Amino acid sequence: MKPLYSPIVQGLSNYRDENILRFHMPGHYGRSSFPELKYLAENIFNFDITEVEGTDNLNDPHEMILHSLNEISQIYSSKKSYVLVNGSTSGLYVAIDTLVDNNSHVIAARNCHKSVHSILGRKNVNVHYIYPEIDEIFHNDSHIDSEKLIAMADALLAEGITDISAVILTCPNYFGRTFNLKDISDYLSSKNIFLIVDEAHGAHFPFNECLPENAISQGASISIQSAHKTLPALTQACMIHLGHDFPKSRMERLEKNINFYQTSSPSYILMASCETSVAIMARYGNDRLNNIKIWMESAKKKLSANPHIKVYSSSHCNNDQDFCKLGIKTPIKGSVLEKILRQEYKIQCEMSTGFNVLFMIGLTHTQDDIIRLVKSIEALLKNNELLFDDSFESDFGLLYPKTENVKNYILNKGENNEHLLIISKNVSDLDEDICAEEIIPYPPGIPLLMPYEKINKDIVKALKYHEFSEIKCFVTV
Ligand SMILES: Cc1ncc(COP(=O)(O)O)c(C=O)c1O
């Protein structure tokens with residue numbers, strides 16, 4: 001019989017055979033270098049079961065799953081924790097659908113992941129965007145200013161908008177930058193407003209004191225973490241943690257939503273992987289992270305000494321930057337650097353955007369891996385000066401319009417809709433047009449444009465960079 005082509009298995013085998021040094025998710029980086037991971041790997045088929053006598057049920061846990069969730073909750077100091085098998089995307093749907101009431105108002109960071117915008121767009125709510133500060137060197141989102149957020153909420157309340165259900169923030173950002181949530185949560189709890197934190201990239205925070213403080217311990221009502229991003233877990237393993245002010249009255253809705261937004265056949269492999277990754281962090285996390293911190297300090301020092309390399313947050317040694325993320329900016333376009341690094345140096349980064357490239361580091365990496373990464377980046381730049389781009393210092397790279405520019409451009413959803421028509425326009429012909437569709441470069445999965453936002457010159461530049469040829473716009477008739 002002719003063998004089946006099996007293109008997915010072929011493609012994955014090819015990637016394995018390239019023998020790539022991975023600095024990209026998932027957070028095991030293709031290595032099962034802990035006995036706990038080996039044990040899981042050896043038992044993949046044995047452990048892939050469905051709900052049978054003695055194996056409990058994720059959608060109504062009473063036995064082993066409940067015990068596992070209790071252990072996770074204890075480790076994360078949460079009121080209660082849940083394991084999810086459909087990624088932080090499903091966790092954000094659950095959290096927002098549970099805490100945001102229909103017809104209410106929410107304040108959402110504009111740099112939230114697309115899943116936040118998607119669920120908000122499907123609920124009948126009024127969304128007020130808060131814009132993050134822009135990093136002056138990397139031209140990407142930096143942090144949310146707590147004073148600005150509090151002033152914004154105060155202004156809404158002063159306008160008579162008293163039904164603000166929740167504030168939704170992403171912390172840390174993709175590059176590992178965090179900000180103080182404590183002042184925000186103190187303020188919000190005094191106003192009975194929930195704080196929902198997308199902490200997809202922060203599941204490892206509680207395991208080393210030099211990492212930023214996690215959202216729950218700063219008073220968040222709920223936090224959503226992807227175990228597969230920063231713990232040695234399989235893709236889609238995720239957790240929801242409830243803060244200590246999470247009201248009993250919302251618990252039933254939360255648990256109903258957990259069932260609603262997930263598969264009815266949750267994978268025991270993913271549950272076991274999530275549990276194992278947390279156990280590994282509890283057992284070895286602190287020591288390993290101490291080592292990683294030292295290796296990364298030395299790597300950042302070396303890279304920063306190169307005149308062609310800027311290191312993201314190299315100066316933030318205080319606890320507002322995750323040292324397991326290495327973001328660099330070089331004079332070579334990020335996507336080009338990514339390609340050369342893969343082809344010639346057998347290294348795969350997590351992502352590139354503009355002139356920025358991001359690498360993720362975790363518990364299965366060694367010091368030699370970090371040394372090889374640094375040497376490869378240095379050699380690549382030395383050997384490819386012809387690829388240095390004049391637009392290096394240009395202001396390209398804003399992920400979304402700057403606050404001052406866009407604030408007044410967002411029209412009320414539905415307002416004057418009868419006078420609006422949707423047409424496709426060539427990107428080169430855009431001039432102060434109103435966007436009619438979501439435009440989401442992935443990664444990082446943050447909408448560059450949302451419907452009703454006005455397109456400015458920076459956005460046109462970014463659209464061209466991302467090679468959009470045309471987009472849908474509203475025109476008045
Ligand atoms: C900030 C942020 N939130 C949420 C998500 C979605 O996470 P998941 O892939 O676990 O669904 C991502 C994915 O990249 C993300 O970067």
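**The ligand and its surroundings**

1. The ligand sits in the second largest pocket. A pocket is here, on a 1 Å grid over the protein atoms alone, an open set of points with protein on both sides within 12 Å along at least five of seven lines, and a molecule sits in it if more than half of its atoms lie within 2 Å of its grid points. The elements that give two or more residues to the shell around the ligand are helix 5 (87-99) and helix 9 (227-230), and helix 5 gives the most, with four residues. Helices (H or I, at least four residues) and strands (E, at least two) are DSSP runs, numbered from the N terminus.

2. The model is a predicted one, in which local features need pLDDT of at least 70 and side-chain atom pairs count only at pLDDT 80 or more, while totals for chains, interfaces and linings use all residues. Residues are numbered from 1 along each chain as its sequence is written, and side-chain values use heavy atoms, with hydrogens and water left out.

3. Which residues come nearest to the ligand? Of the 13 residues around the ligand, these are Ser88, Thr89, Asp198, Ser226 and His228, where a residue counts as near if one of its heavy atoms lies within 4 Å. An oxygen atom of the ligand is 2.8 Å from a polar backbone atom of Ser88, and an oxygen atom of the ligand is likewise 2.8 Å from an N or O atom in the side chain of His228. For Lys229, a polar side-chain atom lies 3.1 Å from an oxygen atom of the ligand. Taken alone, the ligand exposes 390 Å², and the protein buries 88% of that, with accessible areas from the Shrake-Rupley method with a 1.4 Å probe.

**Strands and sheets**

4. Strand 2 (residues 80-84) is largely enclosed by the rest of the structure, because four of its five residues are buried; buried means under 20% relative accessible area, exposed over 50%, and partly exposed in between (1.4 Å probe, protein chains only). Five bridges join strand 2 to strand 8 (residues 238-242), and the two run antiparallel; Val83 stands opposite Met239 in strand 8. Two strands are taken to pair if DSSP finds at least two bridges between them.

5. Four strands form an open sheet in the order 9-10-13-12, with antiparallel pairing. Strand 9 (310-311) and strand 12 (351-353) stand at the edges, each with a single partner strand, so one side of each is left without a neighbour in the sheet. Strand 12 pairs with strand 13 (residues 356-360) over three bridges in the antiparallel sense, and Thr353 stands opposite Asn356 in strand 13.

6. Strand 16 (residues 470-476) pairs with strand 14 (residues 420-426) in the antiparallel sense over seven bridges, and two bridges join strand 15 (residues 434-435) to strand 16, again antiparallel. Cys473 in strand 16 is the bridge partner of Ile423, and Cys473 is also the bridge partner of Cys435.

**Two single residues**

7. Asp101 lies in the loop between helix 5 and strand 3 (105-109) and counts as partly exposed because its relative accessibility is 26%. Asp101 and Val125 are 24 residues apart in sequence and 7.5 Å apart in space, C-alpha to C-alpha.

8. Glu344 has its place in helix 12 (residues 334-345) and counts as exposed because its relative accessibility is 54%. Glu344 and Leu363 are 19 residues apart in sequence and 25 Å apart in space, C-alpha to C-alpha.

Definitions and conventions
Polar contact = N/O pair within 3.5 Å; in protein donor to acceptor, adjacent residues only side chain to side chain. 1 Å grid on protein atoms, 1.4 Å probe; cavity = no way out; pocket = protein on both sides within 12 Å on 5 of 7 lines; lining within 4 Å.
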